Amino acid sequence: MTSRITSKGGDDVLIRRAVARDAKRLTRLVRSSRAYEGPYAPMIEGYRVGPDYIETHEVYAAVGADDRLLGFYALLLAPPELDLMFVADDAQGLGIGRRLVAHMTGRARAAGLDRVRVVSHPPAEGFYRSVGALRTGTARANPPAVMWDRPELEIPIP
């Protein structure tokens, strides 16, 4: 499924299925995210979005002019979970995250899902709640990779 949208800023954005050759760009976007600086840095240290992951899961990329990567998400179908979602730092505030969530809910609906679990990066909880996610609990810290509790949410699929 591919869809072309116009961002809040008026630029055309294409959401397309990611392919194996996108792996390095997706990895770079994750590793460069300012949301994971400071105490959150260990979470993404050495993190890699590999070609095998992209081919195994529903991974979609939002790209702008000249195929510039603006963001991406990964939807796991069993059990249903939004495993990854990142928006490039310089593309935040343009509506890309909301468009990715809308696209993801469309994919989840097409797969017959009625909800998608999200274990959120703590600073992103407000964003997920603003797109309709409901808080369902807390995912406890899992050292050494994750040293802090994280909000657990669910996005209902209408």
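1. Let's start at E81, which counts as buried at 15% relative accessibility (buried means under 20% relative accessible area, exposed over 50%, partly exposed in between, with a 1.4 Å probe and protein chains only). The side chains of R117 and E81 meet in a salt bridge at 3.2 Å, N to O (a side-chain nitrogen of Lys or Arg within 4 Å of a carboxyl oxygen of Asp or Glu). R117 lies in strand β6 and E81 in strand β5, so this pair ties together parts that are 36 residues apart in sequence. R117 itself is partly exposed, with a relative accessible area of 29%.

2. A word on what you are looking at: this is a predicted model, in which local features need pLDDT of at least 70 and side-chain atom pairs count only at pLDDT 80 or more, while totals for chains, interfaces and linings use all residues. Residues are numbered from 1 along each chain as its sequence is written, and side-chain values use heavy atoms, leaving out hydrogens and water.

3. Now for the other salt bridges. The structure holds 14 of them. One joins the side chains of D90 and R68 at 3.1 Å, N to O. D90 sits in the loop between β5 and α4 (96-110) and R68 in the loop between β3 and β4, so the pair links distant parts of the chain, 22 residues apart. D90 counts as exposed at 57% relative accessibility, and R68 as partly exposed at 38%.

4. D149 forms a salt bridge with R140, with the closest N and O atoms 2.8 Å apart. Salt bridges that share partners also join R16, D22, R25 and D67 into one network.

5. Next, have a look at strand β8 (residues 150-156); helices (H or I, at least four residues) and strands (E, at least two) are DSSP runs, numbered from the N terminus. Five of the seven residues in β8 are buried. Strand β6 (residues 115-119) pairs with β8 in the antiparallel sense over five bridges, and strand β7 (residues 134-139) is joined to β8, also antiparallel, by five bridges (two strands pair if DSSP finds at least two bridges between them). V119 stands opposite E152, and T138 stands opposite P151.

6. P156, also in β8, is partly exposed, with a relative accessible area of 40%. Leaving aside neighbours within four places in sequence, P156 is in contact with D114, R115, G132 and L134 (contact means heavy atoms within 4.5 Å).

7. What about the interior? The largest nonpolar core has 45 residues, and those with the most contacts inside it are F72 and M104 (such a core is a set of buried Ala, Val, Leu, Ile, Met, Phe, Trp, Tyr and Cys residues joined through side-chain atoms within 4.5 Å). Strand β4 (residues 69-77) gives the largest share of this core, seven residues. Not counting residues up to four places away in sequence, F72 touches several residues, including L26, V49, Y60, M85 and L100.

8. Finally, some backbone details to check. Most residues other than glycine have a negative phi, and most peptide bonds are trans. The bond from A78 to P79 is cis, with omega near -10°, and P79 is found in the loop between β4 and β5 (80-87). Phi is near 60° at D66 and near 60° at D67. D66 lies in the loop between β3 (58-63) and β4 and counts as exposed at 80% relative accessibility, whereas D67 counts as partly exposed at 38%.
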